Amino acid sequence: KKVISGYEDLTFQPNKPINRLETVVMLVRLIGAEDEAKKAKTIPAVFKNSRQIPDWAKGYVAVAVNKGILTDSDLQDFRPNQAAKRYEIAVLSIRALGLAGLAQQQSWQNQLYVDAADVPAWARGYVVLIGKKNVMKGYPDRSFQPNKPITRAEMASLMERMESLLKNQFDAEEVKGTLIDVDVQADEITVKK
């Protein structure tokens with residue numbers, strides 16, 4: 001699907017932590033904006049560490065800003081080569097799905113993560129929502145481990161779950177059966193389960 005790729009030596013390196021720049025590139029690819037990223041050449045002036053972004057990736061950062069995946073405050077201290085933390089992935093992923101507004105409405109009180117205090121207050125709604133959407137969950141010990149880096153294998157799995165959400169338009173029900181009727185005027189499809 002060309003969202004995540006291997007290295008020039010033909011390895012995938014599944015246990016290698018994914019960095020913040022790789023995360024942004026994958027999310028831009030996942031939402032179908034890679035062509036737009038290849039055309040963009042400049043990144044916002046507020047980007048503190050812009051020299052750390054290789055030329056080929058500048059368009060991805062620009063598109064991520066335009067699509068709301070990255071914010072101006074993210075760019076102040078982006079550190080593109082640093083391993084991405086689980087809570088950061090949750091935030092960027094929910095933004096890529098277009099659900100940032102919904103994340104900010106989430107209540108943290110119903111969460112049972114034993115390490116809830118380790119999630120920055122501003123990111124808690126994103127962590128709650130990404131769990132509700134079954135994209136990223138906690139661990140069997142009831143922890144979320146928000147500061148733990150994500151591996152390339154974990155990110156590939158997360159991308160697959162996000163793609164399913166995008167295909168199903170977030171809350172749509174998937175039904176398998178026999179197509180009975182399509183009524184274009186009423187915008188209805190009839191399926192026999």
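Visitor: What makes Tyr 113 and Phe 144 count as buried or exposed?

Guide: Buried means under 20% relative accessible area, exposed means over 50%, and partly exposed lies in between (1.4 Å probe, protein chains only). Tyr 113 and Phe 144 are both buried. This is a predicted model: local features need pLDDT of at least 70, side-chain atom pairs count only at pLDDT 80 or more, and totals for chains, interfaces and linings use all residues. Residues are numbered from 1 along each chain as its sequence is written, and side-chain values use heavy atoms, with hydrogens and water left out.

Visitor: How many aromatic pairs are there?

Guide: Rings of Phe, Tyr and Trp (its six-membered ring) pair if their centres lie within 6.5 Å. Planes under 30 degrees apart count as stacked, over 60 as edge-to-face, the rest as tilted. The count is three.

Visitor: Why is the pair of Tyr 87 and Trp 122 called edge-to-face?

Guide: The ring centres are 6.2 Å apart and the planes stand at 75°, so the pair is edge-to-face. Tyr 87 belongs to helix α5, Trp 122 to the loop between α6 (100-103) and α7 (124-132), 35 residues apart. Helices here are DSSP runs (H or I, at least four residues), strands likewise (E, at least two), numbered from the N terminus.

Visitor: What makes the pair of Tyr 113 and Phe 144 tilted?

Guide: The angle between the planes is 55°, with 5.3 Å centre to centre. Tyr 113 sits in the loop between α6 and α7, Phe 144 in the loop between α7 and α8 (152-167), 31 residues apart.

Visitor: Which charged end sits over the ring of Phe 144?

Guide: That of Arg 86, 4.4 Å from the ring centre. The rule asks for NZ of Lys or CZ of Arg within 6 Å of the centre and within 35 degrees of the ring normal. Arg 152 does likewise over Phe 12, at 4.5 Å.

Visitor: How do you know that Glu 88 and Arg 20 form a salt bridge?

Guide: A side-chain nitrogen of Lys or Arg must lie within 4 Å of a carboxyl oxygen of Asp or Glu. Here N to O is 2.4 Å. The pair links distant parts of the chain: Glu 88 in α5 (residues 86-96), Arg 20 in α1 (residues 20-30), 68 residues apart. Both Glu 88 and Arg 20 are buried. The structure holds six salt bridges.

Visitor: Why is the bridge of Asp 74 and Arg 95 said to tie parts together?

Guide: The closest N and O atoms are 2.4 Å apart, and the pair is a salt bridge. Asp 74 lies in α4 (residues 72-76) and Arg 95 in α5, so parts 21 residues apart in sequence are tied together. Arg 95 is at 10% relative accessible area, therefore buried.

Visitor: Why is Asp 77 called partly exposed?

Guide: Its relative accessible area is 40%, so it counts as partly exposed. Arg 79, at 30%, is partly exposed too. Asp 77 and Arg 79 form a salt bridge, with the closest N and O atoms 2.4 Å apart.

Visitor: What makes helix α3 largely enclosed?

Guide: Eight of its nine residues (58-66) are buried, so the rest of the structure largely encloses it. The buried residues include Tyr 60 and Val 63. They pack against α1, α2 (34-39) and α4, contact meaning heavy atoms within 4.5 Å.

Visitor: How many helices and strands does the chain have?

Guide: Eight helices and two strands. Of its 193 residues, 40% count as buried.
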